[in-house]
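Take a moment to turn the model around before reading on.

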Amino acid sequence: MKIKCPKCKEDAELAMDFSLVKCSSCDLEMSYGEYVKFVAHNESTYSDILGDYAVSTEGQSSGSLDEWD
Ligand SMILES: [Zn+2]
């Protein structure tokens, strides 16, 4: 599914099983855990969103991360 790349702000891809975040625009590649920390570190307001997201969408195969913008 598509998420926003924390590095270049382009579309990055989050693996279905939340194992990996990959951005083809800037070659970013990190685990979802690292991604959450990275984003939370850079933009503190995101940490709440990510926290909600992790709980509310658990078990779903596709999310609504397009709404992030
Ligand atoms: Zn990127």
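Donors are N, O and S atoms within 2.8 Å of the metal (3.2 Å for Na, K and Ca). Keep in mind that this is a predicted model.

**The zinc site**

Which atoms coordinate the zinc ion? The SG atoms of Cys-5, Cys-8, Cys-23 and Cys-26 do, at 2.3 Å. Along the chain, these donors are spaced as C-x2-C-x14-C-x2-C. The angles among the 4 donor atoms run from 107 to 115 degrees, and the site is tetrahedral. For comparison, the ideal angle for four tetrahedral donors is 109.5 degrees.

| Residue | Relative accessible area | Class |
|---|---|---|
| Cys-23 | 3% | buried |
| Cys-26 | 23% | partly exposed |

Buried means under 20% relative accessible area, so Cys-23, at 3%, falls in that class.

**The sheet**

Next comes an open sheet of 4 strands, in the order β1-β2-β3-β4 with antiparallel pairing. The edges are β1 (2-4) and β4 (29-30); each has a single partner strand, so one side of each lacks a neighbour in the sheet. Strands β2 (residues 11-14) and β3 (residues 21-22) run antiparallel and are joined by 2 bridges. Here Leu-14 stands opposite Val-21 in β3.

**The helix**

Helix α1 spans residues 32-42, and its buried residues are Tyr-32, Tyr-35 and Val-39. They lie on the same side of α1 because they cover an arc of only 50 degrees around the axis. Turned away from that buried side is a face of α1 with the exposed residues Lys-37 and His-41.

Note on methods: Residues numbered from 1 in each chain as written. Predicted model: local features only at pLDDT ≥ 70, side-chain atom pairs only at ≥ 80, totals over all residues. Heavy atoms only, no water. Tetrahedral: all angles 85-135°; square planar, octahedral: opposite > 155°, others 65-115°. Buried < 20%, exposed > 50% of the residue type's maximum accessible area, 1.4 Å probe, protein only. Pairing = 2+ DSSP bridges. Arc of directions from axis to C-beta.
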